[in-house]
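Colleague: I have some questions about how you label things in this model. Please set each value against its cut-off.

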Amino acid sequence: MGFERLAAEVWNSALGATRRSVQILGWGKALPERVLTNDDLSRMVDTSDGWIRERTGILERRIAGEGETTASLAIEAARRALERAGFDPVDLDLIIVATMTPEHLFPATACLVQDALGALRAAAFDLSAGCTGFIYGLALATQGIQAGAYDHALVIGAETLSRIVDWQDRRTCVLFGDGAGAALLGTSSASGGVLTTLLGADGSGAELLILPAGGSRHPATPETTANGMHYLQMDGRKVFRFATRIIPQATREALDRVGLPLEHLELLIPHQANQRIIEASAQRLGLPLDRIFTNLERYGNTSTASIPIALCEALEAGRVQAGDHLVLVGFGAGLTWGAAVIEWGQPWPAPPVARRTRLLLWLRYRWAPVRSLIRRLQRALGALLQRMSPL
Ligand code: UT7
């Protein structure tokens with residue numbers, strides 16, 4: 001037994017020595033302009049600003065406008081992340097969009113993002129892991145880069161939850177908001193980066209947070225529509241209990257994996273669901289609230305987008321310095337949970353992006369829809385030629 005443990009330690013340290021360090025090279029967020037306040041909501045359902053503030057900490061949320069969708073928000077956040085890093089999307093190897101509100105059941109929203117960015121070489125897929133989706137995506141991208149399968153990956157959390165919320169159900173409609181956040185991952189010569197990721201799931205809690213219809217179990221019918229089965233449904237109290245248990249547990253486990261004591265954690269960025277969940281978790285962890293980042297008062301719960309948006313805002317607010325240790329921790333539908341420990345390796349404040357690079361990206365994005373149109377025309381022409389000359 002002793003020998004086996006020693007062998008595992010030697011193997012792990014050998015792996016660690018050869019493992020590539022993965023950094024967050026760029027970050028961006030996108031939020032709809034329309035603000036819906038608690039007072040606005042109190043005119044729509046039987047609720048009040050006082051109840052929402054006290055029970056959730058939320059003051060307002062953003063709601064997607066008519067032309068805005070999960071893909072459009074994801075594209076905007078992605079462009080900002082790429083611009084922050086001065087990175088050409090043509091060099092992307094992978095795009096992951098974590099979402100609970102995809103543009104369609106298929107094709108993947110990630111493919112629409114890939115097309116709009118002109119990321120010609122990138123594989124693209126969506127990931128469904130409830131509100132933990134961004135952490136799941138971060139883990140997969142990090143491991144793919146560490147293994148040498150990819151060099152650069154874009155991980156996006158994007159939602160238009162306002163489209164699946166029942167605006168007559170006060171138990172849920174006051175909680176959620178729309179938005180997107182993105183992170184560009186890649187290797188760099190800086191030390192640190194994503195030190196570890198931890199993922200978990202417990203499907204026995206699947207019904208606690210669910211969109212019952214629209215899938216193969218309950219395809220859309222007039223009955224499913226009439227019964228409100230296309231709206232998000234949640235057992236709030238049970239999810240609350242799960243969250244206050246899993247956030248401290250996942251945070252501790254992730255820190256243990258890298259041997260980092262809690263005192264050396266500069267900032268915890270939890271999924272922004274409820275201020276009471278965050279405070280109860282802080283108390284259980286024994287972490288002062290000033291080492292936890294929150295912005296849910298302005299955006300509500302944006303599901304997969306909440307952690308990357310919070311990361312962007314923590315950086316913008318100067319709450320993260322090079323060398324700082326961060327934990328990103330999430331929980332959500334599934335039930336799922338996940339945490340990532342990051343040693344911030346990038347210089348901060350980040351150096352400004354050259355005007356030439358910005359111009360190049362601007363041209364790239366103007367060219368992307370033209371290229372897409374040419375590809376469609378080529379396909380149509382190919383089909384026509386095939387029809388004209390069978391065999
Ligand atoms: O991304 C992960 C997803 N979800 C979450 O993290 C949500 C986790 N759960 C929660 O955040 C909380 O459970 C809620 C905010 C959803 C609810 O807070 P609560 O303190 O657990 O309230 P409750 O469900 O126990 O309801 C207390 C009372 C009920 O009235 P009665 O039965 O005591 O008369 C509700 O009907 O509050 C009532 N209520 C409301 N009253 C005014 C529920 N929603 C509202 C509302 N306005 N919006």
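Colleague: How many helices and strands does the protein chain have?

Modeller: This is a predicted model. The protein chain has 13 helices and 13 strands.

Colleague: What makes the protein chain as compact as a globular protein of its length?

Modeller: Its radius of gyration is 22 Å. The globule rule gives 21 Å for 391 residues. Along the principal axes, the C-alpha trace spans about 70 × 60 × 50 Å.

Colleague: What share of the 391 residues is buried?

Modeller: Buried residues make up 46%. The cut-off for that label is 20 or more other C-beta atoms within 10 Å.

Colleague: And what share of the contacts joins residues at least 24 apart?

Modeller: The figure is 79%, taken among contacts between residues at least 6 apart in sequence.

Colleague: Which residues of α9 and α10 meet?

Modeller: From α9 come F240, A243, T244, I247, P248 and T251. They meet I277, A280, S281, R284 and L285 of α10. By class, the residues of this contact are seven nonpolar, three polar and one charged.

Colleague: What makes α4 oblique to α5?

Modeller: The axes of helix α4 (residues 70–85) and α5 come within 9 Å and cross at roughly 50°. That angle lies between the 35 and 65 degree limits, so α4 counts as oblique to α5. Again the handedness is right: α4 passes α5 in a right-handed crossing. On the α4 side, T70, A71, A74, I75 and A78 make the contact, and on the α5 side T109, L112, V113, A116 and L117. These residues divide into eight nonpolar, two polar and no charged.

Colleague: How do you know that α12 is mostly covered?

Modeller: Helix α12 (residues 306–316) has eleven residues, and nine of them are buried. Those are S306, I307, P308, I309, A310, L311, C312, A314 and L315. After α12 comes G318, with a positive phi near 75°.

Colleague: Take C312, in helix α12. Why is C312 called buried?

Modeller: C312 has 22 other C-beta atoms within 10 Å. The label needs 20 or more, so C312 is buried. Leaving aside neighbours within four places in sequence, C312 is in contact with W27, G28, K29 and G181. C312 and A183 are 129 residues apart along the chain, yet their C-alpha atoms are separated by 9.0 Å.

Colleague: How do you know that Y136 is buried?

Modeller: Y136, in helix α6 (residues 133–146), has 27 other C-beta atoms within 10 Å. With the cut-off at 20, Y136 is therefore buried. Beyond its neighbours within four places in sequence, Y136 is in contact with A98, L127, A129, L199 and G338. F87 is another matter: 49 residues from Y136 in sequence, with 23 Å between the C-alpha atoms.

Colleague: Which residues does a cis peptide bond with omega about 5° join?

Modeller: That bond joins F106 and P107. P107 is in the loop between β4 (94–98) and α5 (109–117). Most peptide bonds are trans.

Colleague: Is the peptide bond from G334 to L335 cis or trans?

Modeller: It is cis, with omega near -10°. L335 lies in the loop between β12 (325–332) and β13 (336–343).

Definitions and conventions. Residues are numbered from 1 along each chain as its sequence is written. This is a predicted model: local features need pLDDT of at least 70, side-chain atom pairs count only at pLDDT 80 or more; totals for chains, interfaces and linings use all residues. Helices (H or I, at least four residues) and strands (E, at least two) are DSSP runs, numbered from the N terminus. The radius of gyration is taken over C-alpha atoms; the globule rule is 2.2 Å times the number of residues to the power 0.38. A residue is buried if 20 or more other C-beta atoms lie within 10 Å of its own, exposed if 12 or fewer, and partly exposed in between; C-beta atoms are placed from the backbone. Two residues are in contact if their C-beta atoms, placed from the backbone, lie within 7 Å. Ala, Val, Leu, Ile, Met, Phe, Trp, Tyr, Cys and Pro count as nonpolar, Asp, Glu, Lys and Arg as charged, and the others, Gly among them, as polar. Axes are lines fitted to C-alpha atoms, for helices over the stretch in contact, and angles run from 0 to 180 degrees between N-to-C directions. Angles under 35 degrees count as roughly parallel, over 145 as roughly antiparallel, 65 to 115 as roughly perpendicular and the rest as oblique. A crossing is left-handed if the near helix is turned anticlockwise from the far one by less than a right angle, and right-handed if clockwise.
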